[in-house]
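Please keep the sequence and the coordinates open while reading.

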Amino acid sequence: MVDLPLMARLFEAIPASTHIILLGDRDQLSSVEAGSVLGDITGHGLDIQYHADFIQQLEHIGAIASGNILSTNTSTPRISQSIALLHKSYRFDDSSGIGVSAKLINKSKGKQALYNVLLNEKYPDANWINCGNDAINYHCVKWAVEHYHDYLQEKNIEDALHAFEQVRVLTALRNGAFGVDTLNELIISELARLNYIDRADEFHGKPIMITRNDYELDLFNGDIGLIWLNEDSQQMAAYFLSTDGEIRSIPSRQLPQHETAFAMTIHKSQGSEFKNLLLILPSEPNPVVTKELIYTGITRAKKHVLVAGNEATFINSCTKTVQRSSGLAEKLGWNIDG
């Protein structure tokens, strides 16, 4: 999700002798800001073809078996010789409902993804539920409460943090009936009604996401933690799990700008993975909802995904793609228009 100006500055700062390896998913969402760098470099889904001499080099060093890849006779960008597509997913099996539906969506085949996978009992790990035109299906809220119940029952913060990271509700929009704000309010209300939480601004177990960088506290936009009551001090604090497995606590009053994180946008979820995932899409067409957005949302799931939306809108959205023109792809030799 690095934007074009930031990537340009990065490359300017790197010595010309440096070997650079970019690793990512070219089919996911582009950056929020200008550009679509990884997509531009890799041809926006076009086939990667290799020259005969390059294939011979790969065979010579044992990178591929002899005759495994046929050379192209057509003109192909020079940069394509520096691109390798990784096809095996270690998050989910390619033959699973998650894997099959993701491939179909990526090919703009939303109808097949819906009727052959999400609505097909053959794939228990990927399911579909219909939402109304102006309201979220109550079963979505019920799903969220049932799955978030587990971490709220934990006695210590370490177990709670790990349990919370197994589940997430994702949505395409921030505002409106299908947006983050509405979803968080519905989930909080139902959890409070069932006495799983206390209805307060800062309640025990409240998940939060940092929305503004704070370099002094070493907290950054997108960091997720839990508000937790310390039984010894009887004080509320926010706890965060660092990349090295250590748990950090920050007094609630010192927290930078943050928001409730029972539900979050698909954009914010990039780079994350969750064992169980609920993906909520708006019932009406929206320019934000494209095949890249849906693909990104579904592929955050490791074990099970439940997609909620309107069938016709889902199929239509899978035919739409993010359109950005930065000029980078053309400068690299890609003929995007065919």
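Across which strands does helix α4 lie? In this predicted model, helix α4, made up of residues 97–106, lies across β1 and β10 (301–309), and its direction makes an angle of about 55° with β10.

**The sheet**
- The sheet is open and holds five strands in the order β1-β10-β9-β2-β8, with parallel pairing.
- Its edge strands are β1, spanning 126–130, and β8, spanning 263–265, each of which pairs on one side only.
- From one strand to the next, the twist averages 25°.
- Strand β2, residues 167–171, runs parallel to β8 and is joined to β8 by three bridges, and V169 has A263 in β8 as its bridge partner.

**A helix across β2, β8 and β9**
- Helix α8, formed by residues 180–193, lies across β2, β8 and β9 (274–280), and runs at about 170° to β8.

**Cysteines**
- The count of disulfides in the model is zero, where a pair of cysteine sulfur atoms would have to lie within 2.5 Å.
- C131 is buried, with a relative accessible area of 8%, and its closest cysteine sulfur, that of C140, is 4.2 Å away, which is too far for a bond.
- C318 is likewise buried, at 0% relative accessibility, and its sulfur is 16 Å from the closest cysteine sulfur, in C131, so that this pair too is too far apart for a bond.

Key: Residues are numbered from 1 along each chain as its sequence is written. This is a predicted model: local features need pLDDT of at least 70, side-chain atom pairs count only at pLDDT 80 or more; totals for chains, interfaces and linings use all residues. Side-chain values use heavy atoms; hydrogens and water are left out. Buried means under 20% relative accessible area, exposed over 50%, partly exposed in between (1.4 Å probe, protein chains only). Two strands pair if DSSP finds at least two bridges between them. Helices (H or I, at least four residues) and strands (E, at least two) are DSSP runs, numbered from the N terminus. Axes are lines fitted to C-alpha atoms, for helices over the stretch in contact, and angles run from 0 to 180 degrees between N-to-C directions. Contact means heavy atoms within 4.5 Å.
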